[in-house]
Amino acid sequence: VVFYHEARDISLAVHGDDFTFCGLEEDLVWIRDLMGTWFEIKVRAMLGMDDRDDKEVVILGRIVRWTSSGIEYEADPEHRRLILEHFGFDEGSRKLSLNGEKEEVEEEGDLEEVEKEEATIFRGLAARMNFLSQDCPDLQFPVKQCSKEMSKPKRGSWKRMKKVARYLIGRERVVWDFKWQDEPKYCHVTS
């Protein structure tokens, strides 16, 4: 949910009990102090360009950095590490350079449902991949297939998931870089 305080020009994104504000320092201090009268709060960081300001914070499992050239937003590298660890992969393992679908040869037993405990592990890894894919557009299509198979994973489901994990070997980090820009004076819209 996103809110906006027009008089103070403060934007607010809310996710559960996490509040992330964007505004000028004096307005952020104002809202921090005001919220402190309503709730017991913990301010984890106030990013900014001054030396005393924080330069990095983790927000909802993503790393947000304030740099001299802009703001960086990085997918949580821990998810990638845990996925690779599950399959026994490391940086020296064979990686896939493409995440696309090749014609898959169906082998005997691929349609057999996995045991309950194994299905739970599959679902956990699929959920982890799904979370990671929110920040990595190149993962969205292959992870969608893994997510579709969460309700009743089969032996063949593991092959598809392992393929995504192999792709992750070569995908060390995903960092979105939002460069500082001048505010535009005009906006032209053509329809």
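In the predicted model, strand S4 (residues 56–59) and strand S5 are paired in the antiparallel sense, with four bridges between them. Within this pairing, Ile-59 is placed opposite Arg-62 of S5. The hairpin that S4 and S5 make has two residues between the strands, and in this hairpin Leu-60 adopts a positive phi near 50°.

The S4 and S5 strands belong to an open sheet of four strands, arranged in the order S4-S5-S6-S7 with antiparallel pairing. Because S4 and S7 stand at the edges of the sheet and each has a single partner strand, one side of each is left without a neighbour in the sheet. From one strand to the next, the twist averages 20°. At the S7 end of this order, strand S6 (residues 70–74) is joined to S7 by five bridges, again in the antiparallel sense, and Ile-71 has Phe-178 in S7 as its bridge partner.

Aromatic contacts were examined next. A search of the whole structure returns five aromatic pairs. In one of these, the ring centres of Trp-38 and Phe-39 lie 6.2 Å apart and the ring planes stand at 90°, so the pair is classed as edge-to-face. Trp-38 has a relative accessibility of 52% and therefore counts as exposed, whereas Phe-39, with a relative accessible area of 47%, is partly exposed, the limit for the exposed class being over 50%.

Elsewhere, Phe-87, Phe-89, Phe-122 and Trp-158 come together as one aromatic cluster. An aromatic ring also takes part in a contact with a charged group: the charged end of Arg-8 is positioned over the ring of Trp-30, at 4.0 Å from the ring centre.

Notes. Residues are numbered from 1 along each chain as its sequence is written. This is a predicted model: local features need pLDDT of at least 70, side-chain atom pairs count only at pLDDT 80 or more; totals for chains, interfaces and linings use all residues. Side-chain values use heavy atoms; hydrogens and water are left out. Rings of Phe, Tyr and Trp (its six-membered ring) pair if their centres lie within 6.5 Å; planes under 30 degrees apart count as stacked, over 60 as edge-to-face and the rest as tilted. Buried means under 20% relative accessible area, exposed over 50%, partly exposed in between (1.4 Å probe, protein chains only). A charge sits over a ring if NZ of Lys or CZ of Arg is within 6 Å of the ring centre and within 35 degrees of the ring normal. Two strands pair if DSSP finds at least two bridges between them. Axes are lines fitted to C-alpha atoms, for helices over the stretch in contact, and angles run from 0 to 180 degrees between N-to-C directions.
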